[in-house]
Amino acid sequence: MSSARQAAAETIHAVCEKGNSLDDALLQYGTGVSEKEASLYRALSYGGVRYYLAYQNELKSRLKKPFKPKDRILTAILVSALYQLDQTAQQAHAVVNEAV
């Protein structure tokens, strides 16, 4: 069973980097998420996709060099974490712990 945060990062990556539809990605990556974490998974996925460009620009301004194409999943992980820090009431230490 995958965690909601991991599945959300994979969903964000599939939509924003690979061009998949959000509905298809939610079905594909959400299958292993428990019912208890399903709402968190959906919220992070929708929010990460919604704010992807803004957070991607924020990351670009802070990174010394961009990620290699094979490592772009890291962008999705960081976008998901930035969304949680910026738009949710989750504690910062918990978000950072889950992101790393």
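# Exercises on a predicted helical chain

At 13% relative accessibility, His 13 counts as buried, and this residue of a predicted model is the starting point for the exercises below.

**Exercise 1. Determine in which helix His 13 is found and which residues His 13 is in contact with, leaving aside neighbours within four places in sequence.**

Step three is to list the partners, and once the neighbours within four places in sequence are set aside, His 13 is in contact with Lys 18, Arg 72, Ile 73 and Ala 76.

**Exercise 2. Describe the secondary structure of the chain, and work out how its radius of gyration relates to the globule rule.**

Begin with the elements: the chain has six helices and zero strands, which gives the order α-α-α-α-α-α from the N terminus on. The radius of gyration is 13 Å, close to the 13 Å that the globule rule gives for 100 residues, so the chain is as compact as a globular protein of that length. To complete the description, the C-alpha trace spans about 40 × 30 × 20 Å along its principal axes, and buried residues account for 34% of the 100 residues.

**Exercise 3. Work out how the buried residues of α4 are arranged around the helix, and which helices they pack against.**

First, identify the residues concerned: Tyr 52, Tyr 55, Gln 56 and Leu 59 are buried in α4. Seen down the axis of α4, these buried residues fall within an arc of 105 degrees, so they line one face of the helix. Next, turn to the other side of α4, where Leu 53 and Ser 61 are exposed. Finally, look across to the partners, for the buried residues of α4 pack against α1, α3 and α5.

**Exercise 4. Find which elements give two or more residues to the largest nonpolar core, and trace what Val 79 touches.**

The largest nonpolar core has 19 residues, and those with the most contacts inside it are Ala 25, Tyr 29, Val 33, Tyr 41 and Val 79. Two or more residues come from each of α1 (4-16), α2 (22-29), α3 (38-50), α4 (52-62) and α5 (73-87), while the largest share, six residues, comes from α1. As for Val 79, not counting residues up to four places away in sequence, it touches Gly 48, Tyr 52, Tyr 55, Gln 56 and Leu 59.

Conventions
Residues numbered from 1 in each chain as written. Predicted model: local features only at pLDDT ≥ 70, side-chain atom pairs only at ≥ 80, totals over all residues. Heavy atoms only, no water. Core = buried A, V, L, I, M, F, W, Y, C linked by side-chain atoms within 4.5 Å. Buried < 20%, exposed > 50% of the residue type's maximum accessible area, 1.4 Å probe, protein only. Contact = heavy atoms within 4.5 Å. Arc of directions from axis to C-beta. Rg over C-alpha atoms; globule rule 2.2 N^0.38 Å.
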